[in-house]
Amino acid sequence: MADEEASVLRVERVVKDFGEGIVTRVLHGIDLELARGELAALIGPSGSGKSTLLNLVGLLDRPTSGRIVLSGRDTSDLDDEEITLLRGRLIGFVFQFHHLLPAFTAEENVVLPSFAQEGWASAEMRRHAVEVLAAVGLGGRAKARVTELSGGQQQRVAIARALAHRPALVLADEPTGNLDTASADEVFELMRTLNRERGTTFLVVTHDERIAERCGRIIHIRDGRIVEPERAAPRALGGPG
Amino acid sequence: MPFEWFVAIRYLRDSRAQTVLILAAVSIGVSVIVFLSALIGGLQASLLKRTLDTQPHVTLAPEELVARPLLRENVRAAVTIERSPQRLQSIHRWRTLLDQVERVRGVVAASPTVTGAAFASRGVAQRPVVVRAIDPERFVAVVDVRSRVTRGRYRLTGNDVLIGKGLAELLGSQVGDKVRVSTGDGREALVIVRGVFDLGNESIDERWIFVPLRIGQTLFDMPGGASTIELRVGEVFEAERIGVELADLTGLEADSWMKINEQLLVGLRSQESSKLMIQVFVVIAVALGIASVLIVSVVQKSREIGILRAVGSSSGRVLRIFLIQGGVLGLLGSIVGSALGAAFSLFFERLATGPDGSPTFPVDLSPELFVGASALAIGIGLVSALLPARRASRLDPATAIRNG
Ligand SMILES: Nc1ncnc2c1ncn2[C@@H]1O[C@H](COP(=O)(O)OP(=O)(O)O)[C@@H](O)[C@H]1O
Ligand SMILES: [Mg+2]
């Protein structure tokens with residue numbers, strides 16, 4: 001039990017195939033564990049299965065075989081309604097393209113996950129949303145339509161949305177991939193600060209070695225397998241500098 | 001506000017142009033339905049009223065002496081109408097039958113009458129008339145002649161009579177004038193005009209003459225008798241059914257207004273079915289409009305729907321978001337459409353009025369019409385949203401986010 005509490009995520013022998021008839025195996029038996037409070041980077045070439053893995057971990061999709069255990073709960077046998085509930089409660093998503101809802105304000109976007117799960121928006125939820133927006137440096141823009149915000153600001157709102165319902169695990173799929181270097185640094189630093197100060201567990205997919213190196217842990221994936229850093233990135237052998 | 005309502009209303013507000021256009025379409029559809037129903041309902045009501053204001057709902061008479069051609073029994077009818085009015089017969093034991101008939105469920109009023117053909121003359125003017133000998137207090141509950149008396153009074157005692165407006169003109173007689181009524185076999189009565197009525201039917205107003213029952217009994221040689229029992233029923237369209245029941249009960253021949261006015265009923269029914277057909281097409285057009293707008297919206301928003309699912313809204317909530325949009329479009333459309341339809345109906349009613357200022361096309365804007373139209377519109381909204389909503393709720397979130 002104590003062991004389960006320390007581990008936010010355990011991925012066991014997860015295989016994912018796509019297609020019927022001609023089946024493509026995208027993930028070949030992934031094993032992975034994340035401890036509470038980790039900030040981990042998932043790095044690998046395009047098409048290596050990063051998003052696929054994130055979707056499985058985020059319960060947006062189901063593995064072909066293997067188990068995904070979130071906060072000690074085995075998710076294999078849950079039905080769709082239970083999956084939706086668990087996803088809403090445990091997971092926060094940040095996507096490459098912010099994927100905010102353009103019809104809503106920053107604050108409304110941030111409230112959305114709690115609102116969608118509860119069915120009602122309480123004053124407390126709204127207050128908390130504004131607080132989280134302030135924490136990502138957008139205290140003044142709560143009432144702004146997300147379409148009025150810059151790319152970096154939008155991604156901060158997306159981070160606030162991922163955090164506001166206090167998920168056990170935030171999954172970020174190339175959250176800085178669509179930003180210029182300066183904004184990317186800012187957004188990443190924000191996640192690092194939130195990780196440090198709030199203890200939120202992050203799994204961040206990135207192409208960017210610079211960003212990966214600033215994470216507490218780097219997980220390399222290649223052709224649907226977790227690989228040792230030496231084999232994945234020979235350049236890293238020489239070390240920085 | 002619940003999550004589904006919040007998102008649904010925001011989506012409607014956000015795609016304003018689409019919402020306004022489809023609302024306009026729904027409103028026009030509803031207004032057509034309201035206007036059409038009001039107009040046809042009004043026409044039917046006034047036709048019915050005009051017919052029923054001057055007629056008993058059911059007439060009972062001895063079988064062999066039905067004075068009208070019956071469409072169902074052409075052969076015998078041809079014989080019966082050839083019989084001369086002198087052979088008018090009294091209903092056997094009519095007082096007992098009247099008592100029985102009055103107790104039948106659905107019968108509101110019953111009145112014994114003697115009806116026959118005669119001539120009315122004043123000076124050199126002479127006109128063929130239909131003598132309607134009635135018990136004034138009973139008869140007024142069957143056909144409200146009292147409210148139709150335009151000059152003089154509704155009074156039938158002694159040798160008082162009431163004559164139609166047209167007949168008064170033809171005879172040149174006023175209230176207080178004496179008129180002679182005579183039958184073919186030489187019986188006659190000298191009566192005094194107490195009132196002039198206007199039943200709104202030219203041929204009746206030129207022919208009918210109401211006399212006290214006793215005078216009719218004398219004129220047609222049936223002391224203490226009654227040739228017909230005339231009735232009013234509570235539910236006018238029940239008249240035929242009640243008539244059949246009464247015929248069984250009394251052994252008399254029953255004629256309902258529905259049988260006599262078969263042409264009118266056929267007309268009403270075909271009006272009703274063409275109205276229904278137009279409404280069905282309007283409903284289909286409105287439903288297709290709402291459905292297509294929502295389908296486009298689901299396709300446009302499939303990534304957003306994926307996001308909603310990703311952040312924890314169940315597929316049921318997504319389903320309801322789109323159902324609510326359909327329902328709200330229906331509801332708003334029905335409010336605007338009802339107002340529009342009512343305005344249009346009233347305008348139309350004002351447009352054409354008869355010489356006395358009453359509308360030529362009276363419209364029937366009953367509350368039920370608006371409730372019905374609104375329920376219909378909301379129902380259409382929900383039903384036509386069903387397909388898009390199911391589609392939205394079944395989107396796979398991962399795929400929707402990837403490709404949407
Ligand atoms: N829904 C899917 N159907 C078929 N193939 C898919 C699907 N999702 C991903 N793939 C394939 O799986 C591989 C890994 O994709 P992805 O996980 O998106 O890679 P990454 O995020 O690392 O770039 C790719 O070859 C991709 O084409
Ligand atoms: Mg990817």
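How many residues does the contact take from chain B, and how many from chain A?

Reply: The contact takes 24 residues from chain B and 26 residues from chain A. Bear in mind that this is a predicted model.

Start with area. The size of an interface is often given as the accessible area lost when the parts come together. Here chain B and chain A bury about 2,300 Å² between them. Carbon and sulfur atoms carry 64% of that. On the side of chain B, the residues that lose the most area to chain A are B:Phe3, B:Arg10 and B:Val311. Together they make up 23% of what that side buries.

Next, charge. Side chains of opposite charge can pair when their charged atoms come close. Between chain B and chain A the count is two salt bridges. B:Arg10 forms a salt bridge with A:Glu108. The closest N and O atoms of that pair are 2.6 Å apart.

Which elements of chain B take part? Those that give two or more residues to the side touching chain A are helix 1 (3-14), helix 12 (302-310), helix 13 (315-351) and helix 15 (397-403) of chain B. By class, that side has 13 nonpolar, four polar and seven charged residues.

Now the wider setting. Over all chains, the salt bridges number 37. Within chain A, A:Glu12 forms a salt bridge with A:Arg67, their closest N and O atoms being 3.1 Å apart. A:Glu12 lies in strand 1 (residues 7-18) and A:Arg67 in strand 4 (residues 65-70) of chain A, so the pair ties together parts that are 55 residues apart in sequence.

Chain A also holds an open sheet of six strands, ordered 6-7-8-3-9-10, with mixed pairing. Strand 6 (91-94) and strand 10 (225-227) of chain A each have a single partner strand, so one side of each is left without a neighbour in the sheet. On average, neighbouring strands of this sheet are turned by 25 degrees against each other, direction ignored. Strand 6 and strand 7 (residues 169-173) of chain A pair in the parallel sense over four bridges. In strand 7 of chain A, A:Leu169 is the bridge partner of A:Ile91. Helix 6 (residues 151-164) of chain A packs on the sheet and touches strand 6, strand 7 and strand 8 of chain A. The direction of helix 6 makes about 170 degrees with that of strand 6 of chain A.

Conventions. Residues numbered from 1 in each chain as written. Chains lettered and ligands numbered in written order. Predicted model: local features only at pLDDT ≥ 70, side-chain atom pairs only at ≥ 80, totals over all residues. Heavy atoms only, no water. Pairing = 2+ DSSP bridges. Axes fitted to C-alpha atoms, helices over the stretch in contact; angles between N-to-C directions. Contact = heavy atoms within 4.5 Å. Buried area = accessible area lost by both parts, 1.4 Å probe. Salt bridge = Lys/Arg side-chain N within 4 Å of Asp/Glu carboxyl O. Nonpolar A, V, L, I, M, F, W, Y, C, P; charged D, E, K, R; others polar.
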